[in-house]
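Please read this report alongside the sequence and the structure displayed below. It begins with a single residue and its helix, and then turns to the cores and to the chain as a whole.

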Amino acid sequence: MNGTTKRGGCTLTLALTVCSAAIGGTFQYGYNISIINAPTSYVQKFINETCMERWGAALEPSQLTLIWSFIVSTYSIGGLLGSLLAGPMAIKCGRKGALLLNNGFLFLSAVLALSSRSAGSFEMIILARLLVGINAGVSMNVQPMYFGESAPKDLRGAVAFSSAVFTALGILIGQITGLTEVLGSESLWPYLLASNAVPGLVQLITLPWFPESPRYLLIDRGDREACGQALKRLRASSVSPDEMEEILQERAEAGEAHAKSLWDLLQDRSLRRPLCTVMAASSAMMLCGNDSIYFYASYIFQEAGIPGNKIQYVTIGTGACEFGAALACNLLIERVGRRLLLAGGYLCMACWALVFTAALSLEGRVAGMPYLSMVCVFCYIFSFGIGPAGVTGILPAELFDQLARPAAYMAAGSMMWLNLFLVGMAFPFIVNGLGQFCFIPFCGVCVAACLFISFTLPETKGRTLAEINEEWNKKGTAKGHPKYSQQSQSLTDPSESQETEKI
């Protein structure tokens, strides 16, 4: 598969590598977020029947809601554990190796989901959701790292953003699979929860054929020959001497140093501002409430007044909306830049949250308000998909060097999953407690995120670490990292230049 066909500066090999890694990576994240919504009533009925058989008494509605919320949110706990595993796995096994090994959690979760009903144990569903969450936590961190290190600089943002495209595609396919006409019926819900094994199997078969991250091969393993071969397969033309020189330069700066642990990163004061920025952006992406729409879509549309028999079809529209937005952003990201897409996306979300609140408040008094509410939800999701959904995942790859990048993804991923867990647990109670005002807290988060990003985040589009560090200094938001500032000078000695030309 030594694809040499040029497609906008991208080889067929690079495109297929992206598809193979993502189908078992961020696709799974989106897929597993959406499939849990369809069997809500069936799983709750199963939980009640199980409790009746064990203790001879049905659960109170509040108890059932709490258990269901925990089943949904266990996915986030698993994601948090996966984020902490992602860094060590990416360092020891490589980016590609970590993604392949990660499928073990997925297959075990599928077996537990399939066996839960026959075993009469809803606890097996909880464990299955924990394992599939670990799988998602690893892939959400390792996959953007793999893409960012494999793509050429001019396509780095677009290739890395494809993670968001596949997340949105996973949400859409999961919603379609969850239809009652497919696997969303009462008799088939265990198969629906186990269907995530299919994309994992596809990745396990296809990904071994594609190259490892070139930067990992040279900087972490010191294998220049393997790095050169990987670059040749991933590039549309011969390897650029400038690109190889940049990798050699980063390796020279690293010297004998090893990849940073999460504790090392937290202690490094020179990286504190970039780290805080990345962690805040990851937290905002979850606290804005977008993913809660997929967890509890039926709750939202029921509150909006949509007829019950139409909700599953309306829900598919939300996935299609985010998928379309992700495709649009993939075309815009290298033209518009990261900061504008992020800040603009949050600003639009805040506006639509206010309109949504007004529509819910006027329901029953003004005709057509349920449909305006539905439009607001779609626009809220579109605004999320056009910026925060994918740009946030690119930031650690562009703000940190090779040694700090795995730990940066661990920190960002931990904040993302922790906040997703908190929102997932709280959202049903927010809806019940605030009613038509349930999106006001999320509106506040979006406004705060817009302001924070506008004033702190430097533009990273098409820039090296040294150039980004200069922008930090200009904005007065971070002290110059001595290692980064050295990158503005040529550190490659003549022997390394000759080595580059040979490769």
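## A threonine in helix 4

Leaving out residues up to four places away in sequence, T65 touches P428 and F429. In this predicted model, T65 is found in helix 4, which covers residues 61–101. T65 counts as buried because its relative accessible area is 18%, and the cut-off for burial is under 20%.

Just after helix 5 comes G120, which takes a positive phi of about 65°.

The buried residues of helix 5 are N103, L106, S109, A110, L112, A113 and S116. These buried residues pack against several other helices, namely helix 2 (26–35), helix 3 (40–55), helix 4, helix 6 (123–150), helix 8 (189–194) and helix 9 (197–206).

## Nonpolar cores

The largest nonpolar core has 75 residues, of which Y29, F161, Y346 and F400 touch the most other members. Helix 21 (residues 405–434) gives this core its largest share, eleven residues. Apart from this core lies another, made up of 52 residues that include A22, I47, V72 and Y409.

What does Y346 contact, once its neighbours within four places in sequence are left aside? Y346 is in contact with A281, A284, M285 and C288, with P388, and with C446, A449, C450 and I453.

## The chain as a whole

The protein chain has 25 helices and zero strands. Of its 503 residues, 58% are buried, while the chain exposes about 19,300 Å², with carbon and sulfur atoms supplying 63% of that area. Among contacts between residues at least 6 apart in sequence, 81% join residues that are at least 24 apart.

## Confidence in the prediction

The mean pLDDT of the protein chain is 82, and 87% of its residues reach 70 or more. Over residues 1–9, however, the pLDDT is below 50, and the model gives this stretch 21 contacts beyond near neighbours in sequence. The pLDDT also stays under 50 over residues 477–503, for which the model has 55 contacts beyond four places in sequence.

Key: Residues numbered from 1 in each chain as written. Predicted model: local features only at pLDDT ≥ 70, side-chain atom pairs only at ≥ 80, totals over all residues. Heavy atoms only, no water. pLDDT = per-residue confidence, 0-100. Contact = heavy atoms within 4.5 Å. Helix = DSSP H or I, 4+ residues; strand = E, 2+ residues; numbered from the N terminus. Buried < 20%, exposed > 50% of the residue type's maximum accessible area, 1.4 Å probe, protein only. Areas by Shrake-Rupley, 256 points an atom, 1.4 Å probe, with all protein chains shown as cover. Core = buried A, V, L, I, M, F, W, Y, C linked by side-chain atoms within 4.5 Å.
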